[in-house]
Amino acid sequence: MDGNYLYKGLVNHWQKFTFNPSGGLRLKRDITEYGEFMRSFNAPTVDEKFELLGILANVFIVAPESLSSLFEGTPSIRKDAQRFIQLRDDYKSAKLASRLSSLWSS
């Protein structure tokens with residue numbers, strides 16, 4: 001199995017759902033398990049993708065006001081983070097699009 005196909009398949013699948021904090025925790029645990037499985041194939045680029053997915057899963061767990069601090073050290077995943085943030089169950093009610101627009105433009 002190609003780890004890149006697994007990665008893309010999982011991301012595409014998850015984008016069909018919305019996540020609350022407890023679902024985000026479950027997803028983070030799942031990502032950890034997938035990452036551990038993929039490490040057994042000794043493919044560093046795939047390992048890195050799953051590590052970044054673990055970071056991205058944090059967008060479902062933290063409070064809305066803490067989202068911007070998640071990506072200060074990893075600006076390369078902002079585009080993916082935007083897509084994941086839109087999957088939060090409180091995306092519209094917390095007005096996250098307007099709250100984060102200044103973060104993404106910087």
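Me: How many aromatic pairs does a search of the whole structure find?
Reply: It finds 4. Rings of Phe, Tyr and Trp (its six-membered ring) pair if their centres lie within 6.5 Å; planes under 30 degrees apart count as stacked, over 60 as edge-to-face and the rest as tilted. This is a predicted model, where local features need pLDDT of at least 70, side-chain atom pairs count only at pLDDT 80 or more, and totals for chains, interfaces and linings use all residues. Residues are numbered from 1 along each chain as its sequence is written, and side-chain values use heavy atoms, leaving out hydrogens and water.

Me: What about phenylalanine 37 and phenylalanine 41, how do their rings sit?
Reply: Their centres are 5.2 Å apart and the planes are at 80°, so that pair is edge-to-face.

Me: Which residues do ring pairs link into a cluster?
Reply: Phe19, Phe60 and Phe84.

Me: New topic: how do helix 2 and helix 3 pack?
Reply: At an angle of about 170°, with axes 9 Å apart. Axes are lines fitted to C-alpha atoms, for helices over the stretch in contact, and angles run from 0 to 180 degrees between N-to-C directions. Helices (H or I, at least four residues) are DSSP runs, numbered from the N terminus.

Me: And what does phenylalanine 50 touch?
Reply: Among them are Leu6, Ile31 and Tyr34, not counting residues up to four places away in sequence. Contact means heavy atoms within 4.5 Å.

Definitions and conventions:
Helices (H or I, at least four residues) and strands (E, at least two) are DSSP runs, numbered from the N terminus.
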